[in-house]
Amino acid sequence: MDVEWLKTKKAELGLRDGDLALPMGVERSVANKIANGKVALNARRADAVAKALGVSRDEVLFRFGISAEQPAPKTPAVRQVPADDDTKTVGIQHIDLAFGLGATFADSPVEVQVLQFPQEWVQTITLSPAELLTWTRGRGDSMLPTIDDGDLVLLDRSQREVKEQDALWAYTIGDIAAIKRLRVKGDRYQIFSDNPAVAPDEEPIDFVNIVARVVFVGKRL
């Protein structure tokens, strides 16, 4: 297991062990042990981990000590752009994990795609690097009317600390993922839904893994 390689890749992408728990299909504590070479990665998770890290499956198998064969250097893909198209685009991850607007279990492998968006449009929303942004979809009705079931949600993973009270945050508690408004109260997070029918909740700060801040919600017409 090449621990230093993984540490470097996580630093480049702004990832923590908790961010890899979903594609690894394990809890955060187990992801930490895998990242430190104490527990072996299941080879069946290699594709999902490769997409999360932006590398090939063979690279993951080699770096995690599953395969002894070193992969050939990856040739960068070239996107063909018509000569009269000067629109600059950036790639942003899209994951198929629907963050629960009540809560949804997040212990299954996550499919990751990279979609292209106009850079100027993205910069009207956030100036954070595209590699630290992720699209996903909300699920449920506890955040109505702010987020409807199936709405596209843009997560900014550069923001992992609750500094702005009552903002929208994506987080996990164990294998459960959710989007709620969070407020710090001592050593606990107060958790609020926008739907008045859903009662507030709270959890110890140490139990909550902040994934990202919600910076944009896209709705269907």
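Lysine 7 is partly exposed, at a relative accessible area of 48%. Here buried means under 20% relative accessible area, exposed over 50%, and partly exposed in between (1.4 Å probe, protein chains only). This is a predicted model, in which local features need pLDDT of at least 70, side-chain atom pairs count only at pLDDT 80 or more, and totals for chains, interfaces and linings use all residues. Residues are numbered from 1 along each chain as its sequence is written, and side-chain values use heavy atoms, with hydrogens and water left out.

Lysine 7 forms a salt bridge with glutamate 4, with 3.5 Å between the closest N and O atoms. A salt bridge is a side-chain nitrogen of Lys or Arg within 4 Å of a carboxyl oxygen of Asp or Glu. The two residues are 3 apart in helix 1, so about one helical turn separates lysine 7 from glutamate 4. Helices (H or I, at least four residues) and strands (E, at least two) are DSSP runs, numbered from the N terminus.

Helix 1 spans residues 3-13, and its buried residues are Trp5, Leu6, Lys9, Lys10 and Leu13. They cover an arc of only 130° around the axis, so they sit on the same side of helix 1. The arc is that of the directions from the helix axis to the C-beta atoms. These buried residues pack against helix 2, helix 3 (28-35), helix 4 (46-53) and helix 5 (57-63). Contact means heavy atoms within 4.5 Å. Glycine 14 follows helix 1 and has a positive phi, near 70°.

Aspartate 19 belongs to helix 2 (residues 17-24). Its relative accessible area is 14%, so aspartate 19 is buried. Which residues does aspartate 19 touch, not counting those up to four places away in sequence? They are Gly14, Arg160 and Val211.

The side chains of aspartate 19 and arginine 160 meet in a salt bridge (2.9 Å, N to O). The pair links distant parts of the chain, 141 residues apart: aspartate 19 is in helix 2, and arginine 160 is in the loop between strand 5 and strand 6 (168-173). Both aspartate 19 and arginine 160 are buried. A polar atom of the aspartate 19 side chain also lies 2.7 Å from the backbone nitrogen of arginine 16.

## Aspartate 156: buried, no salt bridge

Side chains of opposite charge can pair when their charged atoms come close. Aspartate 156, in strand 5 (residues 152-156), is buried yet has no salt bridge. The nearest side chain of opposite charge is arginine 157, 7.5 Å away. For charge, Lys and Arg count as positive and Asp and Glu as negative; His and the chain ends are not counted.

What does the side chain of aspartate 156 make polar contacts with? One partner is the side chain of serine 128, at 2.8 Å. Another is the side chain of serine 158, at 2.6 Å. A polar contact is a pair of N or O atoms within 3.5 Å; within protein, one must be able to donate a hydrogen and the other to accept it, and residues adjacent in sequence count only if both atoms are side-chain atoms. Leaving out residues up to four places away in sequence, aspartate 156 touches Thr126, Ser128, Leu132, Leu133, Ala212, Arg213 and Val215.

## Aspartate 148 in a loop

Aspartate 148 lies in the loop between strand 4 (133-139) and strand 5. Its relative accessibility is 31%, so aspartate 148 counts as partly exposed. Lysine 219 is 71 residues from aspartate 148 in sequence, but 7.6 Å away in space, C-alpha to C-alpha. Their side chains make a polar contact at 2.8 Å.

Strand 7 (residues 176-185) pairs with strand 8 (residues 188-192) in the antiparallel sense, over 5 bridges. Two strands pair if DSSP finds at least two bridges between them. Strand 7 and strand 8 form a hairpin with 2 residues between them. In the turn, glycine 186 has a positive phi of about 65°. Strand 8 also runs antiparallel to strand 9 (residues 201-204), joined by 4 bridges.

Arginine 188 is the bridge partner of lysine 185, and it stands opposite proline 204 in strand 9. Arginine 188 also forms a salt bridge with glutamate 202, the closest N and O atoms being 2.7 Å apart. Arginine 188 lies in strand 8 and glutamate 202 in strand 9, so the pair ties together parts 14 residues apart in sequence. Both are partly exposed: arginine 188 at 29% relative accessibility, glutamate 202 at 32%.
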